[in-house]
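Hello,

Here is the structure I promised to hand over. My notes on its salt bridges and its chain contact follow below.

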Amino acid sequence: MQAQPTTDQILNDLAREVREELIPVIEDPALKVNLEMMEQLLTAAAVRSAHEIAWMAAEVDAMLAYANDVADTLNDAATSEALAAFAADSSDSLHLQDQVQNYSLAGEAFGRALEAAGDHDRLGPAGAQLIRQRRDTEREIRPGFYFPGRS
Amino acid sequence: MEQGMLDTAAMPAKLEQWLAAHVAPATVQSYSIMTGGFSRVMAKVDLRWASGENETLVLRGDPPPELATLDSDRDAEWALLSALAGVDEIPTPEAKWYIDDESLFGTKAILIDFVEGGSLQAAMDAGLDLGNTIDPFTSMLAAVGSVEPHRVPLPAPNSWDAHMDDLIGRWKAVADRNGESLPFVRYIASWLDRRRPEPVPLRLVHGDFQQGNIVDTPTGWQVVDWEFARIGDPREDLGYYAAYAAAVPPNLLDHDMDGFLNAYRAKTGLTEAQVNPVTLGYFTVLSTIGTLDSLYSGLDAMARGERHGIGVAYNSQLIAVGNDQFVDAIDGLEAALAAAEG
């Protein structure tokens, strides 16, 4: 396969074309809003294509570590069950769909662990910190965000 | 794919057919899709009645199902709009007729009076003085939040506690049924359950109260887009506004939070224990469940191949914005609670 320009370079160039060449000449306001959304989505897809497998893999490790800590400390059945589901159904494959499946399975264990941790002195703040890190990653996926067509 | 109300070539004749059968003969002079709302399809309709009179209406219905971004109920919206005609303190464009047969337009639809004017958002973007806007804005917000449940045809919860159980339960239900796991949602639901504020009387909640849904007309402001209205805690609208305006400035709360909350308390009769920066933070998070539920439903359906389109895909951006707001609000509230506890 032709690997360069990379997927994110191609998507970013499509986004630029929409932003610089199409939006300025479109007069239909409904179509303009759609193109503004499309430009943002192309930019977001570019960021994701460049990083999402690495980001998800790193988050999976962090989420599992936290969920295991909660399961061990609080003996929470829902968290343990979700961890068992990850162990049974996760995959070493680097294909996107498999990584997404791993991410979702680990996310369920993390979510159950957060519910169990609640206001626990140590586990509560630790879970909140992981949530903030997830938020920080989401920020990177929406550079230049604005609401199209709302005025 | 059936275009329904989006079919601008076919809609004028269909509309004329319905009007002739149910109201009076008329000619549709123009039919154009309006922008400004993501969830519903709205079309501006210029009519000439057989009597010679001209009238402009807004036709409001659902997009084709596979393009839907948010779900809401036209029957309930029509019933509410009809009742709001008798609530003098809330100016809203008159809902004139209801097309409850989906076979003609591919959707149920409401014909509403068209009111001249831009959105308050547009006026703010053009430099409207924010300090002078707080008073009328809080008056409108308080007017909505002062309507007792018996005045509108919306189901009323048995109690404030039951309502909160239901709202927080909806957060949990979103996480339970979504195809992809949602640790963010589980985190927020758990936090909401542990930080319930002091109760207040249940009242009308608009559900999407923000400057884009206020039309600045020559005769004053009018509140539109009632599709998410419900009976609930009036602070849900206050919190929703805070979340919305943080993402779509200007934010009147950022401009003068004390002035805003003082005005709101004075106009609703709610106390400082009930309305303060901490409870505002709580409801900033809680109140967005209706929107969030629909956003996740749209993305989940897209992942299963059941929906498509730019609007649905764009939900992924909106959810990230919401998560950002939630984390900020929770961090702010926890810091305030920690400070209060010394």
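B:Arg186 is buried, at 3% relative accessibility. Please keep in mind that this is a predicted model. The side chain of B:Arg186 forms a salt bridge with A:Glu115, at 3.1 Å from N to O. This pair crosses between chains: B:Arg186 sits in helix α7 (residues 183-194) of chain B, and A:Glu115 in helix α4 (residues 96-117) of chain A. A:Glu115 is partly exposed, because its relative accessibility is 26% and the buried class ends under 20%.

A second pair links A:Arg135 and B:Asp328. Their side chains meet in a salt bridge of 3.2 Å, N to O. A:Arg135 belongs to helix α5 (residues 123-140) of chain A and B:Asp328 to helix α13 (residues 310-340) of chain B, so this pair joins two chains. A:Arg135 has 8% relative accessibility and therefore counts as buried. B:Asp328, at 40%, counts as partly exposed.

Now the contact as a whole. Chain A gives 36 residues to it and chain B gives 36 residues. Between them the two chains bury about 3,400 Å², with 60% of that on carbon and sulfur atoms.

The count of salt bridges between chain A and chain B is 10. One more salt bridge to look at is A:Asp119 with B:Arg195, at 2.9 Å from N to O. On the side of chain A that touches chain B, the elements giving two or more residues are α2 (29-74), α4 and α5 of chain A. The residues on that side of chain A divide into 17 nonpolar, 8 polar and 11 charged.

Over all chains, the search of the whole structure finds 45 salt bridges. Within chain B, B:Arg151 pairs with B:Glu148, their closest N and O atoms being 3.9 Å apart. B:Arg151 is partly exposed, with a relative accessible area of 29%. B:Glu148 is also partly exposed, at 29% relative accessibility. Chain B also holds a network: salt bridges with shared partners join B:Arg40, B:Arg60, B:Asp62, B:Arg74, B:Glu77, B:Asp225 and B:Glu227.

Best wishes

Technical notes: Residues are numbered from 1 along each chain as its sequence is written. Chains are lettered from A and ligands numbered from 1 in the order in which they are written. This is a predicted model: local features need pLDDT of at least 70, side-chain atom pairs count only at pLDDT 80 or more; totals for chains, interfaces and linings use all residues. Side-chain values use heavy atoms; hydrogens and water are left out. A salt bridge is a side-chain nitrogen of Lys or Arg within 4 Å of a carboxyl oxygen of Asp or Glu. Helices (H or I, at least four residues) and strands (E, at least two) are DSSP runs, numbered from the N terminus. Buried means under 20% relative accessible area, exposed over 50%, partly exposed in between (1.4 Å probe, protein chains only). Contact means heavy atoms within 4.5 Å. Buried area is the accessible area (1.4 Å probe) that two parts lose on being put together, summed over both. Ala, Val, Leu, Ile, Met, Phe, Trp, Tyr, Cys and Pro count as nonpolar, Asp, Glu, Lys and Arg as charged, and the others, Gly among them, as polar.
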